[in-house]
Every structure is written in structure tokens, then in C-alpha cells.
Amino acid sequence: MPSFAAQQCLFRAYDIRGSRQHFTTDFIQALGKAFAQLYSVADCNPTAAPVKACLPKPSIDRKRTVIVLGYDVRLGSNIIAQRLANIMIEYGLQVIQLGLITTPMMVFWAEQYSGHGIIVTASHSAKDILGIKWLVNHQSPSHAEIQLLWQKTRANYACHLNHSQAQVDAQNTLKNTIAKSIFNQPFNLSDAQVTTTYIEAVAQVFKQIHPSNKLLLKDNQQPSGTLDVVIVIDCMHGATSNIAQRLFEHFCQQVIMINDIADGSFPSGNPDPTEPHRLKQLQRSVRQHQADIGIAFDGDGDRLMIVDNSGKVVTPDHLLYLLAQVALTEHPESLCSKSPDRSQLPFQILFDIKCSHHLPKLLSELGATPVLSKTGSSFMRRQMQQSAGQIVFAGELSGHFIFNDSRFIIYDDAMYAALRLLHWLAAYDAQGEKSLTDITEQLPAMVSTADHYLPMPKTLKKDDTIVEQLTKFCQYLRQLVEATVAKDSGDHWIATSQPSLCRCSMSRQYVTSKQAKCLLPVGTKLSCIDGVRLDFAHGFGVLRQSNTSHNLTARFAGDSIEDLRDIQAKFAALCRPFDKKLAEQIVAIPAE
């Protein structure tokens, strides 16, 4: 029975991704047909794209669906992209081939047409991993839509095996007839066209925000059209290697590049700037050149990390806060008012569940409403697109940052985010304020672990994962604590308000109110939107199931090393009844 059983694991929460051995010719053929079926029935979204550019004019049949298609630097990505293009052309779709680009650039070009696009990329993953991301009507697919694509792919392969040779010959004749149409030949945009149009669109944004560049220049300088900054950029041999220098030299006086040769073997390591110690070379370069800032991008250009002028890595939490401040300060409604009262503006900032306990308070001090979100930039983009402009910025710990002010694409474009930060810092410095290091040193200090992966434990209950059991237990403890507090305060405590019995494996053990208060002290905030997050008085912890692998992810932070250890101990105590090994692993996670 034909099945692609090994390929099922490729279809993940956000995209298609996994070992290159699974990307067989038969699989790509069936997947390409599934994409063709998907786009053939997709209704065109009439919403105007936020960024329109002066585009080359290919021979486009306005009655046919247009798909833009690109690929990253990985070995084999270009071959898969060409195969997908050929298949979709065979089925009557129009394909505009963009070549080697970043994922956000693919999105930018998709916005110029129907909002449909595909890029063959595995983002920040290791070199032996391949992947695919795509848009339908300007939106990334949901988990359910990704699983539906998997079902279509498997069905296509089964159908292919069941066809008689006569049926195959007839289908090929039809495909060849369609392919001969002038409107079904691929249109290849040149590298210069792809890059130049994107740069010009970005430049238009800063002309809107900073119509006069005099504020961006230091004392006694003549306007030059560029920022008086020295920056170091680490492309990590990824897709930004082909454009970053040209883009940033358009805005900055001195740009120093490292690891900027596109190379799918990734000789300097995985193209993931969030990995521990991955930015050591960038830190050295910033100190060596006495640069104002160091900037790092991941393999497909949607993740951003920053090194300040002292050579210290800016934590993603602090970077999110800074970029949120940029979004609020430069929002069109803020710029229209000389003294905007942000408490009167319904602005929301979205941040993911792995961000620190300090962040909500910092965002509130900016006059915004902090909104906790489950992890995943695709989830955040959907929320932003459906918020009617109320969510003006979103970010997550992994370095994805998204602006929503109608100036550019609603997507996590790392190069664009870096330029927004650079312009804001230049204006900040020109007004006699402080350097990036001075700014970040004023933010609350904390001690944290990295976003840590732990093996998924096996549970005795087949229906519940370890996270689901932990969730039920924490909810039970919270009920117990709240009921005890109400009783101690003299409030009327009726039988219906008593905590229900915990249906997890802990129901066999008696938990006293004193033990419950020790595990979840009064005032502890519990969030279960994505795993279990607990916010204590002096720190937080989160334990959740990874969306991209069969692992748990954990992160803990405290105002001091003692607070951090205490929070890890609490989580270990909560997990110990379910899995003693997991409890030991939690305690053993080192501080960054």
C-alpha cells in the first residue's frame, strides 16, 4: 500500500521541514501536484497589498493564478524549486521565478501579485535539512491546512500508482498542450530586478518616517543621505549574503560584512543566530572595528539578533522591547500628534510565551497593551492581520519581529527590522541621548536559561502528554490555593467553589494547601495557552511542547541566580510526580 509514511513527519506546525533523504523525486512530484491543486482553487484576496512597487511587466494572463517562487542557499533547494515550478506550470499556473532570495523577499514579491508564494528553505536549520514555506492569499498556512496538504500529497501518490499507462499518457498530452501556452511559460526576474525593487520599497518607508534626514546626523555634519554609523553584519552564509551589503550601504556610511558568501554547507556553523555562543565572531568584529552595532541574520532572513557597541549580545527580550518602542514612536498616529497620549491609542504589542516576566511591565510603561501569544511567528502574523491594525508590533524570543503600521509587509523581515532599529537609534543619538549599550544597561537585569530542548517523556496515560498532565495539575493547585485564600480571608466558601478533583496521575496523592502554596505561591500567574507558564514575583518559567520536533522546550528566568534556581526547583517539583528524569533535567539546565 503506497504511503509516504516517512514523509509525514515533514509536515510540521509552521511549514514542511526535515531530513533531505525524505525529499525524493516521487515525493516532490506528489507535493508539487498538491500545491497546484491548492492554488488552482484559492480565491484571490481583494485586499490591496501594503507595499506596491514599480514592477517589470511579464506577459501575465490576469485570469490565471500567479505564484512567485524562490529558494535559499541550501544544496538542493534550487533543484526542488525548479521541479515545483515545472509541475505547477504543467497544471496551468503562472510561475514567476525569483531565484535565490530571503523568505521575507518572497513575501514582498507575492504581495505584488496574488499573495501566493513558495520558497524552498529550511530557515535556520542544519545543512542536511531541507524545507518549504508558502503563502496562500497573503497568509501562512495553519497547522490544519498543512495537514490537509499532507493528505493531498499522499493521495496524489496513491492515485499516480493506480493509473494505467493509457491514463498517464493522456494526462501528459493535456499537460503538454497547456504548457505550450505563452501564459504558461515561467517568467524569470533577474537578480537586479528582484533586489532593486525591494530596496526601493524599503527606502520609501524611511522617506515617510524621516522626510528630513537632518535629525539623523550628528553635530556639524552636512546631510549625506546616510546614517553616520559603523555596523557589522553577519549573514551566516545564508540568503541575506546576496543583498545585505547593498541594502545597508544604501542607508549607512560604513558597513562591514562577515560570512557573506552564500554557501549551503554553512562552514561557520548552523545559520541560527540564537544558538548559544553563535555570535562570538560578530562580537569580536564589533569590538575590533569599534562599531556602533552588530547585526546577525539566520539562513532565510527572518530572524534577527543584535550585538551592542560594547560587544555584548542584546537579549531577545530587550530587543523586542526596543523594537516595540520603535513601532510605537514611529506609528503614523504617533507621528501625526506632537504629544501623543498613547494611553488613548488602542495599540497592542504581541509577545510569545517564552519571553521574560519583565517584558509586560516594560511594554505597559510605553503606553501599550501587552498581549501574550503562543509561540510561532505564523500564529502572530494571523493575529495581526485580523486585528484591524490594533496590534502594531509582534515579536518572539527566537528573533522574529513583525511591524504592522501599513508601511511594509506584515512579515518577520529581519533586514527591515534591523533598519528600523538603526534609524531610530540614529535619531535617538542625534538628540544627545545614549548609545545602544547605555540604553540596554538601563533595562531590568535578569538571569535566564536559554530556550532549552528536553526529550519528550513517555507517560502512563496514553491520552495525555506530560504537558497536558502538568497543565491539569497546575490548574488544580491554583484552585486549591485560591479556595484556601478565600477561606482564610473569611469569604463565604460554599461547596460548589471547592476545587474539583485532579484527573491527572496526581489524584492518587494527597496535596495539602500548604504544599500547594509552596508550589504555586499566592499571586502566581498561570497561563496554559501554549504549555505551562508560571509567573512568580521574581521570575518565570515555561514548559511546552515544541512545534518543530518531538521535544519539550523549557526556559526559566529570575531577577537573580537564586531566583532562577528557585523557579527551576519549583518546576522540577511539579514535574517529579510524572517523570523523575524530567525533574532532574530541569534542575540541571544551566544559566546563560
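Mentor: Before we start, a definition: buried means under 20% relative accessible area, exposed over 50%, and partly exposed in between, using a 1.4 Å probe and protein chains only. This is a predicted model, where local features need pLDDT of at least 70, side-chain atom pairs count only at pLDDT 80 or more, and totals for chains, interfaces and linings use all residues. Residues are numbered from 1 along each chain as its sequence is written, and side-chain values use heavy atoms, with hydrogens and water left out.

Trainee: Thanks! So is Ser77 buried or exposed?

Mentor: Ser77 counts as buried, because its relative accessibility is 0%. Ser77 belongs to helix H2 (residues 77-90); helices here are DSSP runs of H or I with at least four residues, strands are E runs of at least two, and both are numbered from the N terminus.

Trainee: Which side chain does Ser77 join in a polar contact?

Mentor: That of Asp72, at 2.6 Å. A polar contact is a pair of N or O atoms within 3.5 Å; within protein, one must be able to donate a hydrogen and the other to accept it, and residues adjacent in sequence count only if both atoms are side-chain atoms.

Trainee: Changing topic, how enclosed is strand E7?

Mentor: Strand E7 (residues 227-234) is largely enclosed by the rest of the structure, because 7 of its 8 residues are buried.

Trainee: And which way does E7 run against E8?

Mentor: E7 and strand E8 (residues 252-258) run parallel, joined by 6 bridges. Two strands pair if DSSP finds at least two bridges between them. E7 also runs parallel to strand E9 (residues 293-297), with 4 bridges.

Trainee: What about Cys252, where is that?

Mentor: Cys252 is in strand E8.

Trainee: Now salt bridges. How many are there?

Mentor: The count is 15 salt bridges, each being a side-chain nitrogen of Lys or Arg within 4 Å of a carboxyl oxygen of Asp or Glu.

Trainee: Which residue does Arg555 form a salt bridge with?

Mentor: Asp317, with the closest N and O atoms 2.9 Å apart. Arg555 lies in strand E21 (residues 551-558) and Asp317 in helix H9 (residues 316-329), so the pair ties together parts that are 238 residues apart in sequence. Both Arg555 and Asp317 are buried.

Trainee: Which residues are linked in a network of salt bridges?

Mentor: Glu330, Asp405, Arg407 and Arg420 form such a network.
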